[in-house]
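Subject: Structure handover

Hello,

Here is the structure for you to look at. My notes on it follow below.

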Amino acid sequence: MTFQQIKEQEQKYIIHTYGRVDVALTKGRNATAWDIDGREYIDFTSGIGVNSLGYSDPGWAEAVSKQAGEIQHICNYYYSPQNTALAEELCEAAGMAQAFFCNSGAEANECAIKIARKYGEKRGAHKIVTLENSFHGRTLTTLAATGQEGFHKDFLPLTEGFVYAQSGEIEAIDALLDGSVCAIMIETVQGEGGVVPIAPEFLSGLRRLCDERDVLLIIDEVQTGVGRTGHFYSYQGYGVCPDVVTSAKGLAGGLPIGACLVTEKLRNILNPGQQGSTFGGNPVACAGAREVVRRVRCPEFLQSVQEKGRILTERLEALPQVDFVRGMGLMLGIKLKSGDAHDVLIKCAQHGLLVLTAKELVRFLPPLTISEDEINRGLEIFAKVLESI
């Protein structure tokens with residue numbers, strides 16, 4: 001098929017929920033991809049933070065294909081060695097006690113919300129405090145948890161029970177904890193909100209409040225987790241442990257998976273029949289995730305992510321068109337002094353570089369395995385695009 005045929009097919013048969021860029025990718029290796037016409041691209045998106053080991057990593061592909069050739073899916077009535085092994089390895093890496101597996105970040109957040117509601121039910125507490133500018137998913141309930149009105153439009157009424165607060169305002173959040181609140185749910189870096197990291201003292205203050213008021217602290221690590229910030233989970237870099245952590249995106253290196261992890265005090269809080277997922281814990285997805293966890297949790301790997309993030313930040317800050325760079329590790333937002341971020345995204349694609357946006361910022365989420373050569377080639381294209389506008 002030609003690119004035009006693919007585009008016409010998409011326009012006719014797919015609901016138009018995405019603002020597509022005129023690129024049809026068919027092959028990739030690490031942070032380099034090729035389209036249907038054989039044109040090469042450096043990819044600073046990794047499928048919005050999903051392809052943590054890059055495109056078609058040999059070790060990951062072998063683990064996935066081997067499992068697919070043995071047994072691809074089983075009913076959750078039965079035990080799965082890949083599922084149970086991943087649970088152990090992930091809990092050890094995260095410092096948590098138990099895991100529930102599903103298919104996406106939104107589902108993982110839904111599970112966390114259900115856990116919080118059940119935890120608070122004994123005292124009639126059902127509200128959850130989230131932050132303004134947050135993003136927690138696109139189901140009706142996770143949209144309600146998202147503190148951005150723009151995402152709520154056209155889908156009202158949303159699930160009740162969410163209260164929004166400003167990041168950094170500990171006293172204001174303390175005033176909300178009137179006995180009706182069962183949890184506080186946050187991102188350590190507000191990704192869709194513009195790649196905005198929260199302050200360490202704010203997170204430690206939330207942990208203190210939650211301990212004092214018997215309120216759960218939920219950290220949404222859907223985008224920040226599994227090495228993205230240079231720590232296996234970003235809260236480990238803050239020195240704060242949540243009661244519940246949610247994970248997805250880069251966890252299985254390109255296959256759909258979500259995870260909701262809990263600490264020992266929440267062990268077995270959900271009973272059989274209270275939560276489930278047909279595809280959750282799928283053996284093939286778990287095999288991919290085990291390869292990711294095995295490699296990403298290594299201190300040397302995480303140190304390399306931090307170093308690559310430092311190099312990218314320093315070189316971006318040196319560009320005259322860049323106002324500032326913020327983020328953590330390989331999760332970076334770039335504010336330009338002038339020009340529209342989406343226009344830059346389009347022009348970058350035309351010149352062979354794939355990037356993202358987040359509000360008014362250009363956003364980089366490259367594979368954690370991106371090479372020095374791929375970084376250099378991508379930044380060279382980015383600099384030329386900025387010069388052209």
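Buried here means under 20% relative accessible area, exposed means over 50%, and partly exposed lies in between (1.4 Å probe, protein chains only). Helices (H or I, at least four residues) and strands (E, at least two) are DSSP runs, numbered from the N terminus. Please note that this is a predicted model: local features need pLDDT of at least 70, side-chain atom pairs count only at pLDDT 80 or more, and totals for chains, interfaces and linings use all residues. Residues are numbered from 1 along each chain as its sequence is written, and side-chain values use heavy atoms, with hydrogens and water left out.

Helix α3

Start with α3, residues 58-68. Its buried residues are Trp 60, Val 64 and Gln 67. They sit on the same side of α3, because they cover an arc of only 70 degrees around the axis (the arc of the directions from the helix axis to the C-beta atoms). Pro 58, Glu 62 and Lys 66 are exposed on the other side of α3. What do the buried residues of α3 pack against? They pack against α4 (81-94) and α11. Contact here means heavy atoms within 4.5 Å.

Salt bridges

A salt bridge is a side-chain nitrogen of Lys or Arg within 4 Å of a carboxyl oxygen of Asp or Glu. The whole structure has 20 of them.

Helix α11 covers residues 283-296. Glu 291 forms a salt bridge with Arg 295, and the closest N and O atoms are 3.1 Å apart. The two are four residues apart in α11, so about one helical turn separates them. Glu 291 is buried, with a relative accessible area of 11%. There is also a network of salt bridges, which links Asp 57, Glu 291, Arg 294 and Arg 295.

Helix α9 spans residues 200-213. Asp 211 and Arg 207 form a salt bridge there, with 2.9 Å between the closest N and O atoms. They are four residues apart, about one turn of the helix. Arg 207 counts as buried because its relative accessibility is 13%. Also in α9 are Arg 208 and Glu 212, again four residues apart. Their side chains meet in a salt bridge (3.5 Å, N to O). Arg 208 is partly exposed, at 42% relative accessible area.

Two strands pair if DSSP finds at least two bridges between them.

β1 and β2 are antiparallel over four bridges. Arg 29 has Thr 32 as its bridge partner in β2. These strands form a hairpin with two residues between them, and Asn 30 in the turn has a positive phi of about 55 degrees.

β2 and β3 are antiparallel over three bridges. Trp 34 has Glu 40 as its bridge partner in β3. Their hairpin has four residues between the strands, and Gly 38 takes a positive phi near 85 degrees.

β3 (residues 40-43) and β15 run parallel, joined by two bridges. Asp 43 has Leu 354 as its bridge partner in β15. Axes are lines fitted to C-alpha atoms, for helices over the stretch in contact, and angles run from 0 to 180 degrees between N-to-C directions.

Look at Asp 35, in strand β2 (residues 32-35). Asp 35 is buried yet has no salt bridge. The nearest side chain of opposite charge, Arg 39, is 5.5 Å away. For charge, Lys and Arg count as positive and Asp and Glu as negative; His and the chain ends are not counted. Leaving out residues up to four places away in sequence, Asp 35 touches Val 23, Ala 24, Leu 25, Thr 26 and Tyr 41.

The antiparallel sheet

Another open sheet of four strands has the order β13-β14-β17-β16, with antiparallel pairing. Its edge strands are β13 (322-328) and β16 (356-358). The twist averages 30 degrees from one strand to the next. Six bridges join β13 to β14 (residues 331-336).

Regards
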